[in-house]
Amino acid sequence: MADPVANTGSTATTPDGGVDNLIQVENLEVRFYTQVGVVRALNGVDFNIPRGQVLGVVGESGSGKSITGLSIMQLVPRPGRVEGGRILYKDKPDSKTINILDLGRQSDEMRAIRGDDIGMIFQEPMTSLNPVFKVGAQIQEAILLHQTPNKQEAWDRAVDILDKVGMPNARRVANSYPHELSGGMRQRAMIAMALSCSPNLLIADEPTTALDVTTEAQILSLMRDLQSEIGTSIMFITHNMGVVAQMCDEVAVMYLGRIVERATVDDIFYDPKHPYTISLLRSIPRLGQKRGQRLEVIKGGVPDPYSTVTGCPFHPRCPSFMPGLCDTVLPIEAFIEGKTNHTVRCHLYPGCTPDSDQAVTGVSGTIPTTSKAQ
Amino acid sequence: MTTESSAVAPDDVLLEVRNLKKHFPITGGLLRRVVGQVKAVDGINFFIKKGETLGLVGESGCGKSTAGRAILRLHEPTDGEIIFNDPKRGQVHIEDLSFGELKAVRPNMQIVFQDPFSSLDPRMTVGRIIAEPLVINKVASGRALRDRVAELLTVVGLRPEHASRYPHAFSGGQRQRIGIARALALNPKLIICDEPVSALDVSVQAQVLNLLEDLQEQFDLTYLFVAHDLSVVEHISDRVAVMYVGYLVEMADTEELYHNPQHPYTEALLGAIPKPDPRNRHRPTRLPGDVPSPANPPTGCLFHTRCPYAQDVCVTERPPLREVLPGHWAACHFSETLRLKGVPRLNEIPVDTMPDANAVAQMQSGHGQSQSNATHNGPGDGGSRPPTTGSTGTGGTGITIRPKS
């Protein structure tokens, strides 16, 4: 168990293989073919969402968090394409596993999953709600598509769900247009829409980033209630470490289209391993911290998406950079010794540096090392 | 109800705002008659001492940005006095100045905008953007101008050759640096920072905050820091003022305000912040309802509709902003009797060790068990208190914060 797990290669079979995973993403690759060049948005992303758990996905903008969420919904916008990998979805613990990526983007099967089994909350409630339809009608639409053909019943359920997300006077809100609602109410309407069909998985893409702290607190406590009530799994995409600490069970830290560290939320905050995770945690101003304390910064910025970085993608900004190793060899994902649910992708830890023969056979076969891609 | 403290010599005060109001008219009907007023800012008082940073916080729509802009007369204030201590002219009443006089004073008062994407003209090179204030005020031209632009770029951490590029070639953090360079161009005394970091990623946010602090020291700047993120405001401000629906409800030294709030709204705001500590999960006491509309503010205390401590008098009588403790102003009838909860003092930060190559080399050769460091004590206990990391001796990177004695 404490063995370095380098031999599991890059597919990173789930640490707890027996656990019931609702979603299992394996080696997901997404690229955007633009006129200026190819953007490698995701370079082999592996993770799983256990049933009923909240997975936090954190990282800076441009790290591929949102694209990961959109891939699961098969909504990657053009000119992006999912180039490889599998997204295995298991409706019920005993049902058959299906690979979402095998379904056509616009096939009936995909449409049946999208919105019904998997719901999504988008970041900007103003742009994601249709301004010319009443809020109730937009929620009713989803229910009519997936749940019942009866319009009146669908409308009643829309009002019900609005009530459930803590909307004061749900009947009136259902009859109002998005512009008549405040930011927090719009976001609650979005949540109501995503929850209208009691999805198995809720993908929340920065649901509170645009909101004030007081509204954020309301939304978070609402999501927590609904999660414990309906048993929905949540994939929580955010860059707010405070929200992660309060909401998530497990955390995946992303950097430049790769997951660099995966662990339980407690390990991420109290025993982080990857220098990027550590830097990220140090760069947040904490309440109660004395003034004048300089914030630790990660030097530089996220590299230009069109460029490729050889070796570890974080090496130009890494405080623990080891010349000759980090800038040439891409670290592979390996378990922290003695842990079964904490993986890291950094040369500082045993098992992450691929042996030369592994680099040829096991690793570079599935994860294209960026050096090769040049 | 002036907020001028007797302890502050007028000479030390760079900016004083008295009873500042900004109302926006609501027009309606066929004749576009004024049917109401949005009282975005409705009589606020504060002062900023030279070299200090005053944080102005509040939820969106509380009027904090409007207040910042009204001070510069980017919005024409409806009423009130704005007294600026100009280095050459002494105290000037900004609200009375003619356009020409205002132009002469404005080089000393600059602003950094929130959105680094819309506040830079996409059709101007970065060099021209930064040079514009210098050109308009005829401060420099020719080679001197180019040198000054190069110098400003260096000061904010960019390279002189960036002057020939266009804004689209820069990331959000870099653009915000350009905005800061433009604000610095005329050697201002006061910079109003209108949510300068809220559009940025956390790591970039830290870079820009550190830059602002460095510049303050280097150029003796005074900031009015408008933001809604309370942890950012705490980090950068000497004093903090809290706004709610156009009014100041509390103002005090940063430490005092965060640890000993005197207004229920401040308590609610502080309690709502998600704490970056998974072992300390909590449910904030939810504030019911939404922020009232400034077009139709409630009677009495503005906060009474959502306040858990509200009593009859709160509905009828508006509490003035008064000095409840030395240097601590609050607008609540019951500041003396309420015992409000602030932010507990943070004794340590969980993350204080960075793995270094030596330790890892050791680990790789030997047995890795020692490597899980002492921070991890008792994952099962789920205690509400972060563990003390006193035993984590390996770090010493200096980020551990000592408890205040």
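The buried residues of helix α1 of chain A are A:Lys65, A:Ser66, A:Ile67, A:Thr68, A:Gly69, A:Leu70, A:Ser71 and A:Ile72. A residue is buried if 20 or more other C-beta atoms, placed from the backbone, lie within 10 Å of its own. Helix α1(A), residues 65-72, is thus mostly covered, with 8 of its 8 residues buried. A:Gln74 follows α1(A) and has a positive phi, near 55°. The model is predicted: local features need pLDDT of at least 70, side-chain atom pairs count only at pLDDT 80 or more, and totals for chains, interfaces and linings use all residues. Residues are numbered from 1 along each chain as its sequence is written, and chains are lettered from A and ligands numbered from 1 in the order in which they are written.

Helices (H or I, at least four residues) and strands (E, at least two) are DSSP runs, numbered from the N terminus. Chain A holds an open sheet of 4 strands in the order β2-β1-β4-β5, with antiparallel pairing. Strands pair if DSSP finds at least two bridges between them. The edge strands, β2 (38-50) and β5 (97-99), each pair on one side only. Strand β1(A), residues 21-33, pairs with β2(A) in the antiparallel sense over 10 bridges. A:Asn21 stands opposite A:Pro50 in β2(A).

In chain B, helices α5 (172-184) and α6 (202-219) pack at about 20°, with axes 10 Å apart. Axes are lines fitted to C-alpha atoms over the stretch in contact, and angles run from 0 to 180 degrees between N-to-C directions. α5(B) is therefore roughly parallel to α6(B), a term for angles under 35 degrees.

Terms used. Buried ≥ 20, exposed ≤ 12 C-beta atoms within 10 Å, placed from the backbone. Parallel < 35°, antiparallel > 145°, perpendicular 65-115°, else oblique.
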